[in-house]
Structures are given as C-alpha cells and as structure tokens.
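Colleague: I would like a close look at a single part of this model. Please keep the answer connected and give the cut-offs as you go.

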Amino acid sequence: MSRSDLIAMARHNLAHTKAGTIDQAPEIHSIPAKDYFDAERWQKEMDGVFRRMPLMLAMTCELREPGDYKAMDAGGVPVLISRGRDGVARAFLNSCSHRGAQIMEEGKGNTHRFTCPYHAWSYSTEGELKGVLAKEQFGDLDFSCHGLPELPLYERSGLIWVVLNTEEKVDFDAFMAGYDDVLGEFGFEDWTFFQARRLEGPNWKVAYDGYLDLYHLPILHKETFGSNMPHQALYYSWGPHQRVSSPSPDLLDIEHKPEAEWPQDMLLQGVFTIFPHISIASFDGGGGRGVMLSQLFPGDTPLSSYTIQNYVLEKAPTAEQEVAADAQFKFLETVVKDEDYATGLKLQRALASGLRKNLMFGRNEEGGQRFHGWVDRLIEADDASLPKLFEDVERTVAQL
Ligand code: FES
Ligand SMILES: [Fe+2]
C-alpha cells in the first residue's frame with residue numbers, strides 16, 4: 001500500500017519533470033510577522049501543539065533491547081523512554097514520585113533500575129516504584145500508586161512518538177493519517193544509529209520553515225552544496241505531515257522499467273517531515289546510505305530553539321565508512337548552523353523590531369502555507385474540537 005504511494009508520487013514527479021512544472025497553491029499566502037516572536041502566541045503553540053500532539057522523540061534502533069533507555073529534554077519536559085523486560089517501550093516524565101527530582105541524566109544506556117540521585121528511590125524499567133529508602137520510617141505507602149507518570153507512547157515503523165501530556169487529546173492514527181506506513185518504507189527498524197548532536201537555533205517555526213523550503217537551496221547554499229540544486233518543490237501531505245521532493249530527471253532513466261524494479265532509495269528522495277518538528281533527509285555517500293533526522297524543539301523563549309541532529313545509517317558502517325559518514329555529518333552540521341540558522345537568527349531580529357508586519361509564502365511554497373495553516377488551526381481548536389480537525393484529513397497522494 002505505501003510503496004504504491006511512493007510509486008504514485010514518483011509518477012507525479014515524472015510528469016512535472018517532463019513538463020517543467022510544479023504544483024502551485026491557489027494564492028500567495030501572507031502571515032503576520034508577529035506570529036514568530038509574540039510571547040502570547042508562542043505560549044499558545046506550546047500548549048496547543050507541543051503539549052498535545054504526538055512528538056517523534058526516539059528511534060527504535062536507539063533502544064532496541066530490554067533495559068535500554070533514553071533520557072532527554074523535549075522542549076523543556078524531561079522525558080525518560082525505556083524498553084521494559086517485556087520488550088515494550090514506555091515513556092515517563094523523568095521525575096521522581098517522592099519530590100520530583102530528575103532521575104536519569106540525559107543520555108542513553110541499559111539498566112534494570114532507575115534510581116533517583118536525591119534519596120535513592122528506585123523504579124523498574126516499566127516505571128513501577130520498587131524501592132524506598134528507610135521505608136518503615138517514611139510511612140505507609142502504596143507502591144502501586146507511585147510509579148513514574150506515564151506518557152502515551154506509540155512505536156511504529158521503527159520510530160517512537162510520545163505525547164507530552166498524561167491525558168491523550170488526539171487519536172494517534174487519525175493524527176498520522178497513514179503517514180506512519182509510508183515512513184515504514186525506510187525500514188528504520190533495522191538501521192544503525194550513528195551519531196547525534198545539538199544545535200542552537202532561532203524560533204522553532206523560523207527554523208522549521210527552512211526544512212520545508214527548497215526555494216532557497218541554490219541561493220543560500222550556493223557555496224556549499226546548492227549551486228546545482230533545483231529550487232522547485234513538490235509537496236505531498238498526509239494531514240499535517242508533508243514530504244517535499246524536487247523534480248527528478250533521474251526518474252527518466254527508470255520510467256520504462258517495471259515498477260517493482262524502481263529502486264527504493266530513488267522513491268524516497270527529498271525530505272520527509274513529521275509534524276510539528278521533524279525532518280528526515282536522505283544521503284548517500286562514502287558512509288553508505290543514511291538519513292539526517294532532525295528534531296526541532298522550542299527553546300525557553302519565542303526567539304530560541306534547539307535541534308537534535310541524528311545520523312542514522314541503513315547498514316552498520318565499516319571503519320572506512322565511519323570516517324566518511326562522520327565527515328558528511330560534520331559538513332551538514334556546518335551547513336545548517338552557518339547558513340540556515342545563521343540566516344534565521346538574523347531574520348528574526350528584524351521581525352522582532354516590529355517594523356515589518358507580514359511575511360509571504362508564494363504559490364510555489366505550498367508546504368510552508370500548509371504548515372502554518374495547521375499550527376493556526378491547532379492553537380484555535382479546544383480539546384473537544386480536536387477529533388473533528390483530524391477527521392478525514394487531506395491526503396494529497398490519494399488524489400494523484
Ligand atoms: S526526590 Fe527522588 S528520592 Fe527523593
Ligand atoms: Fe537550508
């Protein structure tokens with residue numbers, strides 16, 4: 001089913017490549033500059049988007065074995081993801097039931113107990129309270145009521161989503177609109193986690209706009225990789241999630257072969273974003289086939305964000321490939337930091353002056369238009385109207 005979606009997108013791409021055209025939004029879309037720096041608006045985005053929507057926080061290959069865990073900051077919320085002895089991944093607030101201390105330092109590892117550094121209360125990998133220091137003196141305590149607060153978690157297609165809210169506000173499958181199956185075409189379950197690093201950046205939407213934007217590639221990135229890159233973009237959506245690819249002359253070479261022989265990596269070219277904060281871009285080089293999976297998180301203020309760049313390889317690298325992959329990813333870090341985010345940090349200073357009222361997304365920037373449209377709708381929707389918002393969402397692939 002999802003490979004047929006990939007084929008449909010490739011055929012759509014071929015038709016545009018031959019005609020020298022792209023899909024265009026009906027109109028140029030204007031958005032208030034204030035949406036990028038206004039504190040009240042930003043708080044609404046935190047509450048309406050980041051604390052309500054599932055966020056893709058980890059990959060299966062980061063915690064494959066029972067006892068594997070990942071402790072991380074997710075936009076200000078300390079999260080602990082753990083694979084229990086039963087093989088099931090669970091997510092918890094990384095905060096002790098006694099007086100709330102952060103239990104695990106950020107990082108990954110394998111353990112059979114999570115022990116709080118403050119007074120040594122301990123928890124199982126399934127989040128149950130197991131040990132209390134001097135429990136006779138502490139007083140009567142029903143251990144079964146004092147496990148770690150569990151957050152909803154979904155593991156699909158080698159990716160792990162967590163909701164930063166103990167109460168679920170949106171149906172996961174409705175939210176994904178079938179996109180998790182499409183992502184399944186990467187086969188991430190069997191990939192190898194290579195490296196991760198953190199970059200500081202501008203407002204989360206200033207940063208995220210760049211991931212949906214191919215228009216800037218041959219301009220902003222002309223000195224590094226963009227001089228021969230097309231600026232045309234083709235967008236495909238599954239509700240709020242979008243894939244962006246460029247017209248691809250390479251497809252002309254395989255057009256007349258049976259579809260079953262169309263290479264998977266060619267069908268997966270471009271950037272697969274996951275709303276509201278993930279970008280997955282494919283690379284193929286001396287390090288072998290891989291992706292840079294970027295996770296954007298809002299910082300402490302409207303004018304800051306940080307990005308975890310994760311590098312994941314399809315196959316475990318040889319020593320030689322490791323060197324090449326390391327160099328490739330260092331290069332990508334430099335491009336994002338010195339070109340994309342440096343530009344974003346400067347542009348948001350101008351916006352924050354309040355002297356510019358609006359920004360534009362052209363008819364060729366449908367992806368940005370759709371992204372901002374979803375953020376707007378979500379922050380306006382109360383919890384009760386959320387299911388309606390995700391009912392029968394648009395899947396552009398179904399219309400191809
Ligand atoms: S806060 Fe964790 S044991 Fe006291
Ligand atoms: Fe860029």
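Which residues of α11 are buried? Please also set out what the helix contributes to its surroundings.

Modeller: This is a predicted model, in which local features need pLDDT of at least 70 and side-chain atom pairs count only at pLDDT 80 or more, while totals for chains, interfaces and linings use all residues; side-chain values use heavy atoms, with hydrogens and water left out. Residues are numbered from 1 along each chain as its sequence is written, and chains are lettered from A and ligands numbered from 1 in the order in which they are written.

Helix α11 covers residues 319-352; helices here are DSSP runs of H or I with at least four residues, and strands are runs of E with at least two, numbered from the N terminus. The buried residues of α11 are Ala325, Phe329, Leu332, Glu333, Val335, Val336, Glu339, Tyr341, Gly344, Gln348 and Leu351. Buried means under 20% relative accessible area, exposed over 50%, and partly exposed in between, with a 1.4 Å probe and protein chains only.

With 34 residues, α11 reaches 47 Å from its first C-alpha to its last, close to the 50 Å expected at 1.5 Å a residue; the expected span is 1.5 Å times one less than the number of residues. The helix has a kink of about 35 degrees centred on tyrosine 341, where the bend at a residue is the angle between axes fitted to the seven residues ending there and the seven starting there. Tyr341 is also among the buried residues listed above. Just after α11, glycine 354 has a positive phi of about 80 degrees.

The iron ion (ligand 2) is coordinated at 2.0 to 2.8 Å by His216 (NE2), His221 (NE2), Asp340 (OD) and Asp340 (OD). Donors are N, O and S atoms within 2.8 Å of the metal (3.2 Å for Na, K and Ca); water is not among the atoms, so sites may look incomplete. In sequence, the donor residues follow the spacing H-x4-H-x118-D. Aspartate 340 is in helix α11 and histidine 221 in the loop between α7 (217-220) and α8 (222-226), so the pair ties together parts that are 119 residues apart in sequence. Histidine 221 counts as buried because its relative accessibility is 1%.
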